[in-house]
Every structure is written in structure tokens, then in C-alpha cells.
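Biologist: Hi! Could you walk me through this one?
Modeller: Happy to, here it comes.

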Amino acid sequence: MKNIRILLTSLFLALFLLQPVHAGAAAPVALVMTIDGAITQATQDYVVRGIQTAEQQQAELVILQLNTPGGDILSMTGITEAMRASTVPVIVYVTPRGAMAASAGTVITLAAHASAMAPETIIGAASPVGSQGQDLGQTELAKQTNALVAKVDAFAERRGPQAVALAEATVKNAKAVSSTQALQAHLVDFSATDLNDLLRQLDDFTVQMPNGPLTLHTSGIVQQALPMSLIEQLLQLLIDPNIVFLLLAIGLQALLIELTHPGAWVPAFFGVVCLALGAYGLGFLPVNLFGLIFMVTAFILFIIDIKAPTHGALIIAGIVSFIIGALVLFNSPGTPRFEQVSLPLVLFVGIFIGAIFAVILGFALRAQGRPVITGREHLEGLAGLATSEIDPSGQAQVAGELWSVDNQDAATPIHRGERVEVVKVEGLRLKVKKKG
């Protein structure tokens, strides 16, 4: 019994010593997110998800690293609403060097509970434009401008009159300023060389939250990256004009292959998928759908040139039509630069597709010039072997088959085993002559 007591006591002591030692409360967490590109529905979903994650994890703050040329005003509004309703402070950090918070990015930066910019970054140029990138009419422009001015005023008023004036200028006059100028006007709170520098400056900084002022504690904070999910990355990729252009080009090409060679369902399936994904991107980009007519016309010209005796003329016209269509579709006047398709890419794809059809045309022309290789006509000129005396008639083996043959030169009999050459096909009989 005594030994059992000693054993149990030792066991309890070992379990006690193995318990983890808690030195204090867990270190605070900074959830770090990154937007590098246009503001879209995908980025809105990403930011909303990040804020919800931070609230669930009771993070100290959310840091949104931002580099954007602008984007969709509806997505921008959704992002700013989520930021202002957040119970976790959201800090916008315009980074890296050379980055920008332009257009919609300006409003998002101003909506943050605190904001910072890396050196050599810019903010501004937030004047409204139409959904297709075009200049708005006078009445619509006034409405959109006044609405945006009211929004930036509400976000910037806590920063003082100089910040409000600069914020209004970014909307009314499309003014853009450097990080130094923005900091001098108190449009942003900090200038930070990197994320660690930003967290150092945020320590003991007070932000205004819906429930009142809140002092941040970022000393020893743990940085936790929250990247875009695979679906968010895919949706963001599908609104890239270059990707959309390639999807449309490949989709049209695949469907035309199916139309010209029916029965191969793989090109049809692949083409439909590419066109569906491309159509999704077109729904978010400022495009002129009239350009699709030129692109479809280009492929029709390619097909016609293969079947008609134009010998490449329509292929050249198709390449020109394809390039014009792509540029009309994506690069209409007034379209923001970041929403335009790359001109070298358009030229390369247009010439590449034209080259493919030119090769197909070359094969078709060569096929037309070849001798007939099916039916009885192809037997003319072939050599065979006499399997009997041919004087004047007999049998010979030609092209692996046994034929009844007639000797063209009755004065020169053909003996069994001698080689013959087919001169003419007459019904089910061949007219031959001695070969060699």
C-alpha cells in the first residue's frame, strides 16, 4: 500500500510539473492583409472576410497594405462601410515604395481608423468617371462629385481643415500628392518605411472607434498574414483585361475548331468554359461590346479563307479585324490605363492566330495539288506483278489486289512474274504495259 501511495504521489507531481506555464496574457495580434491591384468585388469580399476574422480572433488591429490605381465605386463603398463598422481598428498602409492609393484607394485610405504611407508613394486623383471609363455628363458629374466630396469630408474632418481641403481637391480637381505632402496636410497619420516601423509608431496611438476612443498597444505584437483565398485570387484574376482578352480569343478559337471538325466535344467544352469566364470579366470591365463584332468577324474571315480561293487575303483582313476588335473592346477612349489590354499582347495573339490559319491554309492548298489517293483513279501509274500470261489478257496483282488486266501492246506479250505498269482503269479491268 505504501508503495502504491508513493507511486500515485509521484505521478501527480509529474503531471503538475508538465503543465504549461502561463507567463501572462497572449500577445496581441495584428492581422495583415494586402491589396495590390484594382478595387473589385473580389477585394471587397476579401476585406469583409478579413475584418470578420479579426473580430472573431479578437485581434488588436487590422493592417491593410494598399497599392491600387482605383476601381469599382460600389466595391469601394462596400469596403469603406465594412471598415467604419468594424469593432477592430483598421489601419491602411500605402506601400511599397512607388505604390499609389489612387481614385477609390484614396477614399479607402481616408476611411481607415488610422493611415500611413511609405516614402515615394502617392494618393489622390479621385475624380469620378463613368462605368465605362468615359467622362460623365455635366449633371451626372456634379451628382457623383458632390457625393464623393461629402464622403471624403466625413472621413477627413477629424484631421483638420487642411486635410479636408486636400481631400476635396483630390475629388474636384483630380489632385494627387506625395506621401510627404499628405503627411504635412495631416491627410494621413504616419510615414512609415516598413511594417515594423508602422507598428512601432502605432504603439499608444489613440483611434476613434464606434464605441469611443481606443488606445492601441502594438509593442511585441504578432503579425499574422491573411492572404486572399484561392477563389478570391481567381475572381481577381478574371477581371484582368489581358486575361479576359486571352479567354475570349481561346474560346472563339476552340468553338471554331469544333464547328469545322464536329464530333470532337473537347474543343467545344473548353471553348464554352473560356467564353463563360471571359464573360464574367467583361461584366466588371469598362468595355465597348462593339469590339466583339470585329473579333467574331475575324474568325469568320479565317474560316472562309481556308475554303475559298483567296490564298491568304482574308487571313490578313482577319488579323486586322481581330486587332481592331480587341482594341475597341478594351481600349476605348477614357478607359483607365489599368483596365486596358496590352497592345503588344493584342498584336502577338492576332498574328499568332493568323499564322495558325495560314498554316492550315497551306496544308489545304497542298492537299488540293496532290494526286488522288482514293478510288480506282489512284491506280493509274502504279506498278504491279503479272500473275499469269497477259496475251492479250490475264491477271496481275496491283496495290495488293488481284485484277483482270489487258495488255496495251498486244505485239509484246507479258509473261508471268514480269512487272507491269497500270496505264488506264476501265471499269473493273486495268489496261497495263510491260514496265522497264
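Modeller: Leaving aside neighbours within four places in sequence, L195 is in contact (heavy atoms within 4.5 Å) with V32, I63, Q65, Y93 and Q223. This is a predicted model, where local features need pLDDT of at least 70 and side-chain atom pairs pLDDT 80 or more, while totals for chains, interfaces and linings use all residues. Residues are numbered from 1 along each chain as its sequence is written, and side-chain values use heavy atoms, leaving out hydrogens and water.
Biologist: Thanks! Is L195 buried or exposed?
Modeller: L195 counts as buried because its relative accessible area is 14%, and buried means under 20%, exposed over 50%, partly exposed in between (1.4 Å probe, protein chains only).
Biologist: And which helix is L195 in?
Modeller: L195 belongs to helix α8, residues 195-202; helices (H or I, at least four residues) and strands (E, at least two) are DSSP runs numbered from the N terminus.
Biologist: Switching topic, what about F269?
Modeller: F269 is exposed, because its relative accessibility is 55%. F269 sits in helix α11, residues 265-282.
Biologist: How many bridges join β13 to β14?
Modeller: Six bridges join β13 (residues 393-398) to β14 (residues 401-407), and the two strands run antiparallel.
Biologist: What stands opposite V398 there?
Modeller: E401 in β14 stands opposite V398.

Conventions: Two strands pair if DSSP finds at least two bridges between them.
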